[in-house]
Amino acid sequence: MSLIQETDFGTPRSKSGTMITLTIDGQSVTVPEGTSIMRAAMEAGTQIPKLCATDMVDAFGSCRMCLIEIDGRAGTPASCTTPALQGLVVRTQTDRLKKLRKGVMELYISDHPLDCLTCAANGDCELQDMAGAVGLRDVRYGYEGENHVFAKSGGAANAAWMPKDESNPYFTYDPSKCIVCSRCVRACEEVQGTFALTISGRGFDSRVSPGMSESFLGSECVSCGACVQACPTATLTEKSVIEIGQPEHSVVTTCAYCGVGCAFKAEMRGEEVVRMVPYKNGKANRGHSCVKGRFAWGYTNHKERILNPMIREKISDPWREVSWDEAFNFAAAKFRGIQAKYGRDAIGGITSSRCTNEEVFVVQKLIRAGFGNNNVDTCARVCHSPTGYGLSSTFGTSAGTQDFDSVEDSDVVMIIGANPTDGHPVFASRLKKRLRAGARLIVVDPRRTDIVRSAHVEAQHHLPLLPGTNVAVLTALAHVIVTEGLVDEAFVRERCDWSEFEDWASFVALPKNSPEATAIATGVDPKELRAAARLFATGGNGAIYYGLGVTEHSQGSTTVIAIANLAMATGNIGRPGVGVNPLRGQNNVQGSCDMGSFPHELPGYRHISGDAVRETFESMWNVKLNKEPGLRIPNMFDAAIDGSFMGLYVQGEDILQSDPNTKHVVSALSAMECVIVHDLFLNETANYAHVFFPGSTFLEKNGTFTNAERRIQRVRKVMSPRNGLEDWEVTLGFAKALGYEMHYDHPSEIMDEIAELTPTFAGVSFAKLDELGSVQWPCNEKAPLGTPVMHIGGFVRGKGKFMITEYIATDERTGPRFPLLLTTGRILSQYNVGAQTRRTDNVVWHQEDRLEMHPHDAEQRGIRDGDWCRLQSRAGETTLRALLTERVAPGVVYTTFHHPTTQANVITTEFSDWATNCPEYKVTAVQISPSNGPSDWQKDYDEQARHSRRIAPVVEAAE
């Protein structure tokens, strides 16, 4: 193995379809019109020296290293900023150019530290490389006089010198090594879109400045790492590189955080990760990353990680470390005993959206074939199950319609109930780039999220609806489109059921669905809503992106259907730049659904009751399958409390922290006779577990993830599992102890079985993924290279189905006791329940969950910023500190759920989506009052958790 080297062409690729031919150093080169001469030369195999140029950002032309000569033209233009033209004759190496480049390099080196041997960038420094490329052997100017290199000059303090900034936990900024190429500034602007960096001063006083001469940690920097990746010297360097040294080999794998699915090069020394570098050929992220994927992988080696299997008879007992075989046999005996006592249906399992497709597949197979029932569910139950229901009902498939590249062709983007800058930051960066280029934005969200107004981006319309009124707002948007004659009738007549459209159009046109009539419930200005509807219907390619603010409602499925209706009515389906795009929360939540993790569906979303489908699986698995759908997660909890569901296998999910109404979940888990937790850490659910199977991280396994755009990508093992087994091997060991043995030697064999059983995966194999990098399902005979855009020319179900979406107010209402509405979400630095990110340096940005509230609501209650406050609902109460902000409207409060000390879900209720039981996390009536600190419930919970996590010391056998 060696380091994977990606070619840097110096400037971005031209998208022009017109080709031109020029001559470079006597060689004929044909490139797309608009290509820079630098890139044209590189494509021909000639590397022109450069320092300020890189193909991730636009040409800048400041370093003066890439000078060229063009026949018939005077001067020596920069090749990065000079476009290739038909018939040009270019020379990249002449005596004149050699002298100019060497002179420029002498100037750079005359004000640069000469500590190359001890520098962290030694072996990976473009300044060092270019000095060699131009043949620099001496610096005529010397190193005396004014400089940025030394802290003292002539015995006095050097005003031009600045100390190293080590405030960021992941990288350092050493101004003395900066050559002011501006690559970091441009990466922050053009790639990330944060505009946190600038060049302050002029001439000799020029320097990179985070914000207004702030530290990196104190500035608006979001630590995405784009600046570090762009830096050609050691000015910006990962602390891990400083500590470990330069990597010696790399492996391409896929990030295990959000549903964007960024591809990374894990750069290694032996089995130690040196750094994670975003892979430019990754089709989801195109070489960009966020703070989590780029830097927050240290949880793999965290001291709290559990590496040995553990068992105990009662949850009040301390854990006892045992061998894998003893753990498997103990768990199998418990589950067999429960089934003998309570019946076959008394046990079940929950698959993980953080594990690979192959690992999820074998868990659902174990439950259906080994347990003998269909009591399998997944975390999508509590996030995007309404997406599956709504999109399959209207379009015929349970997934988003586009790839992420599609946003580059969008003219109008509508974001509903999603906060991409925090939840899906790499996609958000691509979106912001498109918005800066001229696309227009509509945001439908109770909060004023960052995307509403940030650097060089501002939404044309922000509709700050009251939580729980999504359906009313979407129906009002449709009302305007229908009544003002803005429907794409040709598309609807050709692609959709016309009679169903007529019924739907008659419904949305009713006066009760007008913006003016619905404003009473939604709180949205009718004029603003009408303007947004007109923009979406007439503004060109219209794309809708939505998140958990759509699905986690009692009308979550109805809202997804309403979104699909809107897309069909405006003809925004079936081509690049449009579509309905759910932003999935976890790295493999799409895959966990694809793999058959719902109790009523086998892999590929085929109902368990279908005889022909079931017989296909029975033939391969050599077992008779139960045709009755099993229990959903809420049903499992209810059945446990009733005494009929007594055993649960939980793969890689922390249901106690993530599911609603924490007290109800505690009651259910406490009632069970055997809970098996298969995870990395003793999470909150493990407080009530009897068996703990230690899991493996994404760095320690082979397999695949499927991201939010249906993209299937390889996960590659870069180190040996510290727990001894990959997660699929753990499940196989448990299955064998139960008497249902599965025979696989590698996850590729599991994927082969998936492909054989699942029509949408029929063309997928590890070999194909290794060849193509990734594919988007459906991938089969009809689409051997995958399907980037769905529903081209027709819907999967045939005709698109319009469905009536009647707004029904949630049963969760505000009143005198609970006058405020609580909604929940995520923050950039943390992920889901925080089990991984809380065990990294990301806690420097988010050490606790805070309660956002409007200053008006706080003043009424005597609460100041930072005060402890009591948050109470009908379900329970907790305490946390207030954060006063106008991002939320009066009457609405907001918090995150990343920290178990807060247990925000003790507040949320059991109200759920009518079709899928997805919990209504986004609407909870609450009251807030001053508090002195943690509640009694929090104290009791913390005490129980500490008691439950005791691990008995290992007693060495006497000799």
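These questions and answers cover charged residues in a predicted model.

Me: How many salt bridges does the model hold?
Reply: Side chains of opposite charge can pair when their charged atoms come close. The rule asks for a side-chain nitrogen of Lys or Arg within 4 Å of a carboxyl oxygen of Asp or Glu. By this rule, the count is 57.

Me: Which residue forms a salt bridge with lysine 265?
Reply: Lysine 265 lies in strand β12 (residues 263–269). Its relative accessible area is 6%, under the 20% limit, so lysine 265 is buried. The closest N and O atoms of the pair are 3.0 Å apart. The partner sits 259 residues away, in the segment before β1 (19–24). The partner is glutamate 6.

Me: Is lysine 736 buried or exposed?
Reply: Lysine 736 forms a salt bridge with glutamate 741, with the closest N and O atoms 4.0 Å apart. Glutamate 741, at 42% relative accessibility, counts as partly exposed. Lysine 736 has a relative accessible area of 52%; the cut-off is over 50%, so lysine 736 is exposed.

Me: Where is aspartate 745?
Reply: Aspartate 745 gathers with Glu749, Asp752 and Glu756 in a surface patch of negative charge. Its relative accessible area is 67%, so aspartate 745 is exposed. Its place is the loop between α25 (727–738) and α26 (747–757).

Key
Residues numbered from 1 in each chain as written. Predicted model: local features only at pLDDT ≥ 70, side-chain atom pairs only at ≥ 80, totals over all residues. Heavy atoms only, no water. Patch = residues over 30% accessible without salt bridge, like charges linked within 9 Å, V, L, I, M, F, W, Y side chains within 5 Å. Areas by Shrake-Rupley, 256 points an atom, 1.4 Å probe, with all protein chains shown as cover. Lys, Arg positive; Asp, Glu negative; His and termini not counted. Charge placed at Lys NZ, Arg CZ, Asp CG, Glu CD. Helix = DSSP H or I, 4+ residues; strand = E, 2+ residues; numbered from the N terminus. Buried < 20%, exposed > 50% of the residue type's maximum accessible area, 1.4 Å probe, protein only.
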